[in-house]
Amino acid sequence: MACTLSQQDIERAVFYHGHMCPGLTLGLRAAEWALEEFGRDGDEDIVCISETDMCAVDAIQALVGCTLGKGNLIFRDTGKIAFSFYRRSDGKAARIVSSAAMIGGAKDGLRRQLLQKQRDGIALSLEEAVLSSKMHKENVARLFSLPFEAIYSVKEPCWELPRRARLMETLTCACCGEGVMESRARLLHGKTYCQTCFKKLDDR
Ligand SMILES: [Zn+2]
Ligand SMILES: [Zn+2]
């Protein structure tokens, strides 16, 4: 079945992310599935481990309610478009992962070329710009129309349910004087340092 998200939900995610793109659409399809299977997070009952920090994850943050700020979105950089969802109240858990064919159209050489040009800040010719926007829109439309099963495989999560974040003390770095969460602070010769200063000391 094609995407069943409401127009309102789609608009909310686009507003949050800043633009509509194939990456966000991949995220929207993941969010659609997560909302159906796990519901919308209210009070950190649902946890998501995202294996991507690109466009797609913003749809999860905007719609499922797993966010970096709430601590129920964890980023594990495996370079995959994959999301593991966990529901604390009943222990339900699942991981969905997208195939390479869905993500990049890696074989689609022309599209890649044009995207790379844009990233490098090289102006596209009018013809190229029209073509690029056409391919972009077609890709978004394709991801909206495909059934979920064509985009994602559902698997078992690779990780245990992450523990709830415990309250941390804030310490003061002996070098820059900035406050730093105790779990991230480093100790050297009995003094506390933030990671940035510790690295500078270490490099000397
Ligand atoms: Zn995007
Ligand atoms: Zn410091």
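Reader: Which residue of strand 4 does Ser84 stand opposite?
Author: In this predicted model, strand 3 (residues 82–87) pairs with strand 4 (residues 93–98). The two run antiparallel and are joined by 5 bridges. Ser84 stands opposite a residue of strand 4, namely Arg95.

Reader: In what order do the strands lie in the open sheet?
Author: The sheet is open, is formed by 5 strands and has mixed pairing. Its edge strands, each pairing on one side only, are strand 2 and strand 5 (152–155). Neighbouring strands are turned by 20° against each other on average, direction ignored. The order is 2-1-3-4-5.

Reader: Which helix packs on the sheet and touches strand 1, strand 2 and strand 3?
Author: The direction of this helix makes about 170° with that of strand 1. An angle over 145 degrees counts as roughly antiparallel. The helix spans residues 56–64 and is helix 3.

Reader: In which sense, parallel or antiparallel, does strand 1 pair with strand 2?
Author: Strand 1 also pairs with strand 3, in the antiparallel sense over 5 bridges, and there Cys48 stands opposite Phe85. In strand 2, the residue opposite Cys48 is Leu73. Strand 1 and strand 2 (residues 73–75) share 3 bridges, and the sense is parallel.

Reader: How many of the residues of strand 1 are buried?
Author: Side chains in a regular strand alternate between the two faces of the sheet. On one side of strand 1, Ile46, Cys48 and Ser50 are buried, and on the other, Val47 and Ile49 are buried. Both faces are therefore covered, with a residue counted as buried if 20 or more other C-beta atoms lie within 10 Å of its own. For strand 1 (residues 46–50) the count is 5 of 5.

Reader: Why are helix 2 and helix 6 described as roughly parallel to each other?
Author: The axes of helix 2 (residues 22–38) and helix 6 (residues 126–145) come within 9 Å. Angles under 35 degrees count as roughly parallel. Helix 2 and helix 6 are therefore roughly parallel, since their axes cross at roughly 10°.

Reader: How many nonpolar residues does the contact of helix 2 with helix 6 have?
Author: Helix 2 contributes Pro22, Thr25, Leu26 and Arg29. From helix 6 come His136, Asn139, Val140, Leu143 and Phe144. By class, 3 residues of the contact are polar and 1 is charged, while the nonpolar count is 5.

Reader: What distance separates the centres of domain 1 and domain 2?
Author: The domain assignment places domain 1 at 7–155 and domain 2 at 170–203. Taken over C-alpha atoms, their centres are separated by 36 Å.

Note on methods
Residues are numbered from 1 along each chain as its sequence is written. Chains are lettered from A and ligands numbered from 1 in the order in which they are written. This is a predicted model: local features need pLDDT of at least 70, side-chain atom pairs count only at pLDDT 80 or more; totals for chains, interfaces and linings use all residues. Axes are lines fitted to C-alpha atoms, for helices over the stretch in contact, and angles run from 0 to 180 degrees between N-to-C directions. Helices (H or I, at least four residues) and strands (E, at least two) are DSSP runs, numbered from the N terminus. Angles under 35 degrees count as roughly parallel, over 145 as roughly antiparallel, 65 to 115 as roughly perpendicular and the rest as oblique. Two residues are in contact if their C-beta atoms, placed from the backbone, lie within 7 Å. Ala, Val, Leu, Ile, Met, Phe, Trp, Tyr, Cys and Pro count as nonpolar, Asp, Glu, Lys and Arg as charged, and the others, Gly among them, as polar. Domain bounds come from an automatic or database domain assignment. A residue is buried if 20 or more other C-beta atoms lie within 10 Å of its own, exposed if 12 or fewer, and partly exposed in between; C-beta atoms are placed from the backbone. Two strands pair if DSSP finds at least two bridges between them.
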